Amino acid sequence: PWENVIDIKMGQYTDRFKKYPMPMLGHLSFSIYYEVLGEKGVKTLDLTCKNENEFDLWVCGCRALFYAAKGFRISKRFLLAHSKIFNKKLDSKDIAHCTTSFYEEVDREYSKGLEDCINRQSVTRESVLNKIDKVNLRYSDLEDKVNEKWEDDYGPEMSKYEGNETSGTISCLCGQS
């Protein structure tokens, strides 16, 4: 319940955000600090939105619910203080449209969203083949180590039991011998 909420903070300052940082999305992140009755300590719900519009709506809604649950009255300016869209309209003296344009789509030049922060690599056929070669080398090295360990533990004659060193070793290791 909103009565258990202690604070709402913008940015990525909690332990979870520090453990899994997303600095490019810091301006779209916020945390809700709350207490659980019967438990010690404060917990957080850490959220990252996909764009400025979603961020504004979530933070505005959470702040409104938080202050209503506490019985506080809050001004529009304080309720929307986090909003770049609201502040941009306010700075341009466009007072009439400060809150009416709050729900409009965000200007793409002005905002960086989640999609803008995802690095998508282009993969060439050559890079895929190189990765396959590396995996095959690692597999071959692992296979050699398994066979060496097998021979050390059970002797060379046991590794030839099924006529194929690898199939005998791997099947025995898997409990299928």
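Because the model is predicted, local features are reported only at pLDDT of at least 70 and side-chain atom pairs only at pLDDT 80 or more, whereas totals for chains, interfaces and linings use all residues. Residues are numbered from 1 along each chain as its sequence is written, and side-chain values rest on heavy atoms, with hydrogens and water left out.

The chain holds seven helices and three strands, where helices (H or I, at least four residues) and strands (E, at least two) are DSSP runs numbered from the N terminus. From the N terminus on, these elements follow the order β-α-β-β-α-α-α-α-α-α. Of the 177 residues in the chain, 29% are buried, a term that stands for under 20% relative accessible area, with exposed meaning over 50% and partly exposed what lies in between (1.4 Å probe, protein chains only). Among contacts (heavy atoms within 4.5 Å) between residues at least 6 apart in sequence, 47% join residues at least 24 apart.

The three strands form an open sheet in the order 1-2-3 with antiparallel pairing, two strands being taken as paired if DSSP finds at least two bridges between them. Strand 1 (5-10) and strand 3 (42-48) stand at the edges with a single partner strand each, so one side of each is left without a neighbour in the sheet. On average, and with direction ignored, neighbouring strands of this sheet are turned by 20 degrees against each other.

Helix 2 lies across strand 1 and strand 2 and runs at about 155 degrees to strand 1, with axes fitted to C-alpha atoms, for helices over the stretch in contact, and angles taken from 0 to 180 degrees between N-to-C directions. In helix 4 (residues 84-91), the residues Ile85, Phe86, Lys89 and Leu90 are buried. These residues cover an arc of only 135 degrees around the axis, which puts them on the same side of helix 4, the arc being that of the directions from the helix axis to the C-beta atoms. The buried residues of helix 4 pack against helix 2 (52-70) and helix 3 (76-79). Lys93, which follows helix 4, has a positive phi near 60 degrees.

Four aromatic pairs are counted among rings of Phe, Tyr and Trp (its six-membered ring) whose centres lie within 6.5 Å, with planes under 30 degrees apart classed as stacked, over 60 as edge-to-face and the rest as tilted. The ring centres of Phe66 and Tyr67 are 4.8 Å apart and the planes stand at 75 degrees, so this pair is edge-to-face. Tyr67 and Phe72 form a tilted pair, at 6.3 Å centre to centre and with 50 degrees between the planes. Phe66, Tyr67 and Phe72 form one aromatic cluster, in which Phe66 is buried, Tyr67 is buried with a relative accessible area of 18%, and Phe72 is exposed with a relative accessible area of 52%.
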